Amino acid sequence: METPSRFQPQERTILRSLLHSGLPFYLWVAGLGGLFLWGIRAYTVQLQEGLAATGMRDYVSWGLYITNFVFFIGISHVGALMSAILRISGAAWRKPVTRMAEAITFSSLFFGALMPIVDLGRPDRIWHLLVYPRIQSPIVWDFVCIFTYLIGSTIFLYLPMIPDVALLRDDLSQAKGWRYRLYSILALGWRGMPDQHRSLERAMSVMAVLIIPIAVSVHTVVSWIFGMTLRPGWNSTIFGPYFVMGALVSGAASVVVAMAAFRRFYHLEEYITLKHFRNMALLVLALDLIYIYFNIAEYLTVGYKMEEAERGLLYTLLGGEYALAFWLVQIGGLLLPALLFILPEVGAVERIRRVPLLRPWPLAAAASISLAAMVLLVTQGPTQTGVDFGSLGSSLSWAVALLLALLVISTLPALRAHRILAYVLGAGLIVIQAWLKRYLIIVPTLLSPYLPIQDPRIEWTTYIPTWVEWSITLGAMAGFVLLYTLFSKLFPIVSIWETREEEPRPAVTHYSREREAEA
Amino acid sequence: MSRLLMFLLLVGLMATTTLASASSGQDQPDFQGPPPDPASLYAENCASCHGERGEGRVGPAFVLLDDHSDDEIYHTIAEGRPERGMPAWEARLTPEEISALVGYLRTLAAQAQPPAEEEPAPAHAAGADLRLVLTLQEDQVVAHASLRDEQGQPMAGEKVAFALRTTLGGKLNLGTFVTDEEGVATLRYPAGEVPSLTLEASYPPEAGDPIRAVASIDLPAGQEIPPVATGLFSPNPPPIAILLLGLVVGGVWITYVWVAFQLLRILRVR
Amino acid sequence: MPERHTVSRRQFLKLSALAAGAAALGRGVLSRFAQTMEGTASQVRALLPAFVADAKTLGRLIGQDGRELQPVPPSPRSAPQRRKWVMVIDLARCDGCGRCTEACTAMHMVPFGQEWIKVYRMKDNAAAGAYWFPRPCMQCDNPPCVAVCPVDATFKREDGIVLIDQDRCIGCRYCMAACPYSARSFNWAEPPHSLAELARSYSMELNIPHRKGVVEKCIFCPGLVREGQLPACAAGCPMGAIYVGDELEDTVTNSWGETTRFSELVHQGGGYRYLEELGTEPRVYYLPHRDHQYPMPETAGQIEQQRG
């Protein structure tokens, strides 16, 4: 088994993206780096002034940082989903996007793990977690699970990279000295020997199985931080699966966005085709629908009974202070993306065209009615008894619906012509939704304690994030994207050896033989 | 009438709280000295003569207060009763304070025990000798209060009151017991789980200032404090849970080590 | 002998150097605190309640020069006595004067803004009357805060008191999120200090001096009950509404000196525990607000406003 000495044409585009960076790239990195440094600057302010520099107070004692934490950890799930689940199920189309997903896992997990530390009142005592841990605390579970997942996903990112790194080491004549040294260390002396392949395949298949329960456990215990309390709104049994689904859908959507970005800026059209987008979109759509189902299950079971403690929170969400964000999440962030994924398919696929309900008209009507519902629910504002669902029957709502229907129908051809745009738009909405949703899970709940909030200090009874919190949030986001970008400059963002279908690897195990057959 | 009283009391209390919150800002020239908290006013000015709970000492007890209207009481406080030795207070107390005091006196009167009859304390009580001995018998603390007169003769048929002195300085009446022919009154008290017990005997029970005898006993540790009722994982999870968790997490990390070993094998292939 | 002499001289030199260093350090620290004081002194005076700590609480421990007259109570993680502290609050007696909060604030030098015992205006439903509801820490026997603490900073003592070790707390605020009674406060910034407070060395039984970035709450005044005195709130209640005592002894006492059987008081007074249904097993019992003798928070509108 000799290492191929030449790259194929489409592989050269990957190499070019590694080695050649234009001015826009440097501007991009400089911008991200600036934002990241600004976040660090904000954190130094917080270290000096204490958490008083944030908008958090005794009632809302968790805010943006914990929102970011849950968001990042959620995004990180995509690694396990794409690399492990699709790897095990032998979906061959995943190969060009696997590493993108795994790299997202790595970078987002890194910044997700930092967020609780930023949130600590005494970060100087973080070592107490190692010295005095109490095993019954969900934070300790989190600590163990996230650390384990961070190490595991790093290994899992690294394992399939070894042959690629070896390729780069052997054939990158233009590589600078430090690149060569880095690659030769990381390549572990890989020469593509059968023994080496056997070891690698073994390790990868074991890790692929192992990483799934770890990932599930990570987001389950993150949700249990909330689920293990008695607070109305958090005291829920479905929080584990609810959060895991939310994590998967946000992670998969973030991969769609990353795919589009790399395709556009690294010119990877040869690797990432419409087929990949469609498959990913279907995956996101399925997850999105399951997540919608979980949302209905979560809010309907509570809202049906209207228990006293839960009532105030539900009113705040459905028709009160947080109604705009809530309906943006539910309709703009979950329902609309689903439609954006479905609509371009309508009329394109013969089988779908035969289903009467899936014709453009009914779909557009559904889309517009839901949009109109959102617009009305938000603009009508809360009433004493919560949301005025009666407004949905008014003539105004139908006028709005009609207008929106026209809008949707008029965009149909455009969506069909630019399908990838539609997918990316939907995925982007889902990612935004994911962050907003976490905010809605944390902040309004903290504002709905059992005992009424009776505090003369108005600023203590609400939560308005300060510039410090926004800066740190922005810095963390920028840092995440920066880490991801730099990773894509150091290592091929598309797995070269796995996408080289012309030269099938020796089938060393039963499992991989099967997989190759499917491919 | 009681409404008026309540109103006065309320005025006093409101003034107290308002003052407490207002005094943060600027000094109130209208008020000199403490706010009209009737309880402390009473303790400072009245208790020395009328007793801490209004039971009466030099001055009379407040048992007959109900026969007088609020106005009468107000004037009595303000102008005093020089013929009985009570000073006039209007120079020293503000009208609000006196009004508040009127209300407070009513509550004291309501709580007051029926007065001890004029019957004077038995002549021999003065020189009597009261001793209290606590012993532990099985689960019970047995308190023997032995009462003797000045000649050292046991006093039979006398009432001795027992009380529990609580750990936070309270006193709980346990009832009165009659001495037997040896002059000993006996109380049996369940020891319970407290670390120590302090009991008090007093004689005669009705007197304002009886003879007291106090004794403490340290109780053996007995059973430990009942454990805190806990949830499944609070405060500490069962060892089996820790073991299982450790096994699972340990298994994962052992797998990581195994993967590292595979990497080593890749490195070693020649 | 000469050898020993040199050694002792060296020791002496060392000691004097140390002393000089410590003095310089102390001066630096003190001047920094003094600056803090300068900036906040007027503010602090404005914020402190009109309650003057009496000789039983502060003066007994702190001399005029700010030095301790008595050793700091130790910080035991296990109870010093075999007791089970319990509190009964008679809502029919509470007139909402807030003296309990003031007494507590003075006793523990509670930072401004925190109310370790907070008096709520409550109204259970539209038809029911409003009432005052003092809420200390419930010292739950199944404490959600203790369960979630990742570093064992907050813990349950055998005598029923839930304490916080502020040397241990990492400030994650999970306990605040877990507490259904909103009984915990966080020092978001460096709390304003008084010299008397800074003169104390830290004890878990006092929670003094206060620190930035840690959680605090009502702790049933373990330093006072250890010495047979009522907690500050109970002692400061002019209505005798707060009873505290030992459940093992089955007695509770209030500020009026009324002592009753705990079991009888709760049994016959219709005692209940707040949010019993959550299973937190609080150690604070309430007697319902029936037949109260003084005004209650009148208007429902006021309360609706507060509920926001």
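Analyst: Within chain B of this predicted model, the element with the lowest mean pLDDT is helix H1 (residues 2-22) of chain B, at 49. At the other end of the scale sits strand E3 (residues 159-165) of chain B, with the highest mean, 91. For chain B as a whole the mean pLDDT comes to 73, and 66% of its residues reach 70 or more.

Now for how chain B meets chain A. The contact draws 20 residues from chain B and 28 residues from chain A. Between them the two chains bury about 2,100 Å², with carbon and sulfur atoms giving 75% of that area. On the chain B side, the residues losing the most area to chain A are Tyr256(B), Ile266(B) and Val269(B), which together make up 29% of what that side buries.

Over in chain A, let's follow helix H10 (residues 194-227) of chain A and two helices that pack on it. Start with helix H3 (residues 64-75) of chain A: its axis comes within 10 Å of the H10(A) axis, and the two cross at roughly 160°. An angle over 145 degrees counts as roughly antiparallel, so that is how H3(A) runs relative to H10(A). The crossing of H3(A) past H10(A) is left-handed. From H3(A), the contact uses Ile66(A), Phe69(A), Val70(A), Ile73(A) and Gly74(A), and H10(A) answers with Val218(A), His219(A), Val222(A), Ile225(A) and Phe226(A). By class, that's eight nonpolar residues, two polar and no charged.

Next comes helix H4 (residues 77-88) of chain A, whose axis lies 9 Å from that of H10(A), at an angle of about 140°. H4(A) and H10(A) are therefore oblique to each other. H4(A) also makes a left-handed crossing with H10(A). Here H4(A) brings His77(A), Ala80(A), Ala84(A), Ile85(A), Arg87(A) and Ile88(A), while the H10(A) side includes Met204(A), Ala208(A), Ile212(A) and Ala215(A). The H4(A)–H10(A) contact has twelve nonpolar residues, two polar and one charged. Val218(A) and His219(A) of H10(A) turn up in the contact with H3(A) and again in the one with H4(A).

Definitions and conventions: Residues are numbered from 1 along each chain as its sequence is written. Chains are lettered from A and ligands numbered from 1 in the order in which they are written. This is a predicted model: local features need pLDDT of at least 70, side-chain atom pairs count only at pLDDT 80 or more; totals for chains, interfaces and linings use all residues. Side-chain values use heavy atoms; hydrogens and water are left out. Axes are lines fitted to C-alpha atoms, for helices over the stretch in contact, and angles run from 0 to 180 degrees between N-to-C directions. Helices (H or I, at least four residues) and strands (E, at least two) are DSSP runs, numbered from the N terminus. Angles under 35 degrees count as roughly parallel, over 145 as roughly antiparallel, 65 to 115 as roughly perpendicular and the rest as oblique. A crossing is left-handed if the near helix is turned anticlockwise from the far one by less than a right angle, and right-handed if clockwise. Contact means heavy atoms within 4.5 Å. Ala, Val, Leu, Ile, Met, Phe, Trp, Tyr, Cys and Pro count as nonpolar, Asp, Glu, Lys and Arg as charged, and the others, Gly among them, as polar. pLDDT is the predictor's confidence in each residue, from 0 to 100. Buried area is the accessible area (1.4 Å probe) that two parts lose on being put together, summed over both.
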